[in-house]
Amino acid sequence: MNQPVIEFSNFSFTYHNADSESLAGIDFIIRKGEFILLTGHSGCGKTTLTRCINGLIPDFFEGDLSGECRVCGMDIAEHETGEFSPLVGSVFQDPRSQFFTLHVKTEIPFPSENLGTPMDKMQEQYEKAVDVLQIQGLLGKSIFDLSSGEKQKVAIASIYMVGVGIYVLDEPSANLDSEGTEQLRQVLKSLKEQGNTIIISEHKLYYLNGLTDRVLIMKDGKIDKEMEGRVFDRQTAEWFTRHGLRKSDLALITPKSYHPIKGDVSIQIKNLSFGYPGKPLLWHDVTFSAHGGEIIGIIGKNGAGKSTLIRTLMGLEKPKTGKISINGSYSGKQQRRKKSFYVMQDVDYQLFAPNVLEEMLMGTKKTEAEKEQAICKLEHLGLGKFLKRHPTALSGGQKQRLSIALAEMNRFPLLYLDEPTSGLDAENMKIVQTEIKKLAEGGACVFVITHDYEFAAELFSSLLLLQEDGTIQYLSPDKYKPENLAQYFQISF
């Protein structure tokens with residue numbers, strides 16, 4: 001049996017200024033070459049556990065710890081983060097946060113250069129990383145021209161080149177389309193076959209089916225259940241629902257349509273096209289109309305122009321050609337902005353207040369009735385205990401739920417959501433689905449960008465499908481067929 005490389009012994013950790021322990025009494029070992037999945041509800045302690053393994057706790061994220069956590073024999077309480085760098089590589093949900101250079105060719109060797117690797121050895125490692133991960137086609141690209149899936153590949157290549165034996169990944173599929181997710185699966189499969197130790201924290205489970213050796217289900221900072229990967233993958237749809245987890249097999253999901261009640265607001269798009277200066281049109285000849293009460297899905301590959309489309313519809317980007325009308329009358333950029341609410345993919349960019357409650361009350365008169373309304377909405381979305389917490393201190397999933405609460409609080413007739421389920425577990429995904437439907441039932445016309453098949457399966461009334469040739473196919477409520485959703489997402493079971 002392979003030797004242990006990671007050992008937790010009665011380990012607990014509390015972040016400074018936190019109200020409760022993030023990890024409590026953790027006891028388990030990970031052996032060399034194991035593929036471990038960490039899953040559980042948002043805020044259950046998964047990310048904190050990964051921060052212990054890669055040495056970010058307690059050196060970077062400070063707090064109080066007890067017990068022991070040893071990585072390759074080193075106690076994390078006695079060693080600095082840099083001492084773990086040659087042994088443990090981390091890939092974050094947004095790899096942009098770990099990039100330091102502007103081009104793929106310089107980014108991949110950067111960590112090795114930082115560790116002082118001799119030039120001849122570095123060249124050998126570089127060629128091996130490019131070959132094993134099959135990224136020859138990316139070498140001439142700028143970091144800014146990469147899709148989300150390609151960025152994940154470059155991040156993995158940079159730590160592969162260092163020669164680490166342990167890979168720690170925190171929700172790496174959150175922003176990936178189906179193609180990028182499949183690419184990630186193949187990279188992980190290759191790393192596993194080479195005998196590397198892999199620890200991955202995830203809510204989306206289907207792409208890991210057949211890869212995991214053990215699954216640790218966390219709850220309230222503790223390991224609630226431990227299962228063999230093959231046993232976990234064979235569980236029923238009801239079992240996953242009962243435990244608040246996403247499905248490990250998308251074939252367990254039966255898509256359904258949302259049937260809208262037509263509201264007062266309407267938006268009409270005619271012959272719309274968009275392109276950045278000096279570049280070909282991103283999409284063109286877009287014509288459709290939508291009404292209040294509808295939930296319009298927007299799907300397509302990373303880089304197809306989905307976010308640009310909704311930014312154009314709401315008046316944040318100027319189209320090359322075309323006309324946008326609201327309720328039958330031409331509507332300029334400023335008019336559309338006044339009627340639109342935008343939930344960004346990276347919610348941090350739109351959080352400004354010193355605490356969660358103040359965030360909810362921004363733009364209101366802050367009356368007692370509005371305050372009570374805000375608290376009620378936050379409690380319903382499981383955020384009631386965070387009223388005084390700084391918004392940026394919330395977990396990714398908690399920020400997403402806060403953004404939905406803000407949309408409900410503001411009640412705009414046109415609502416645009418860009419990947420609203422990044423970092424959400426199954427229960428919170430269902431809550432967000434329900435809240436979006438409530439907004440539509442209240443008369444809002446809702447546009448939702450998503451790569452999340454499980455989320456989309458019971459949500460859309462119609463669909464905008466961005467295609468590779470720059471056209472956008474509109475499937476109206478009478479033409480949208482939920483049974484074809486997997487085909488639209490380019491997912492095969």
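This is a predicted model: local features need pLDDT of at least 70, side-chain atom pairs count only at pLDDT 80 or more; totals for chains, interfaces and linings use all residues.
Residues are numbered from 1 along each chain as its sequence is written, and side-chain values use heavy atoms, with hydrogens and water left out.

**Overall fold**
- The protein has 17 helices and 20 strands, taken as DSSP runs numbered from the N terminus (H or I over at least four residues for helices, E over at least two for strands).
- The radius of gyration, taken over C-alpha atoms, is compared with a globule rule of 2.2 Å times the number of residues to the power 0.38; for 493 residues a compact globule would come near 23 Å, and the protein agrees, with 23 Å.
- Along its principal axes, the C-alpha trace spans about 70 × 55 × 40 Å.

**Burial and contacts**
- Of the 493 residues, 55% count as buried, that is, under 20% relative accessible area with a 1.4 Å probe and protein chains only.
- Among contacts with a separation of 6 or more, 68% come from residues 24 or more positions apart, where contact means heavy atoms within 4.5 Å.
- Thr 50 lies in helix α1, which covers residues 46-53, and Thr 50 is buried, with a relative accessible area of 3%.
- Apart from neighbours within four places in sequence, Thr 50 is in contact with Leu 38, Val 168, Asp 170 and Ser 201.

**Cavities**
- The whole structure holds four cavities of 30 Å³ or more, a cavity being a set of points on a 1 Å grid over the protein atoms alone where a 1.4 Å probe fits but cannot get out, with lining residues having an atom within 4 Å of a point.
- Grid points are joined across faces, edges and corners, and a volume is the space filled by probe spheres set on the points; the largest cavity has about 90 Å³.
- The largest cavity is lined by 14 residues, of which Ala 174, Lys 204, Thr 421, Ser 422 and Asp 452 lie nearest its centre.
- Its lining has two nonpolar, six polar and six charged residues, with Ala, Val, Leu, Ile, Met, Phe, Trp, Tyr, Cys and Pro counted as nonpolar, Asp, Glu, Lys and Arg as charged, and the others, Gly among them, as polar.
- The second largest cavity, with a volume of about 60 Å³, has a lining that includes Lys 204, Arg 246, His 451 and Asp 452, and by class this lining has four nonpolar, one polar and five charged residues.

Methods:
On a 1 Å grid over the protein atoms alone, a cavity is a set of points where a 1.4 Å probe fits but cannot get out, and a pocket is an open set with protein on both sides within 12 Å along at least five of seven lines; lining residues have an atom within 4 Å of a point. Buried means under 20% relative accessible area, exposed over 50%, partly exposed in between (1.4 Å probe, protein chains only).
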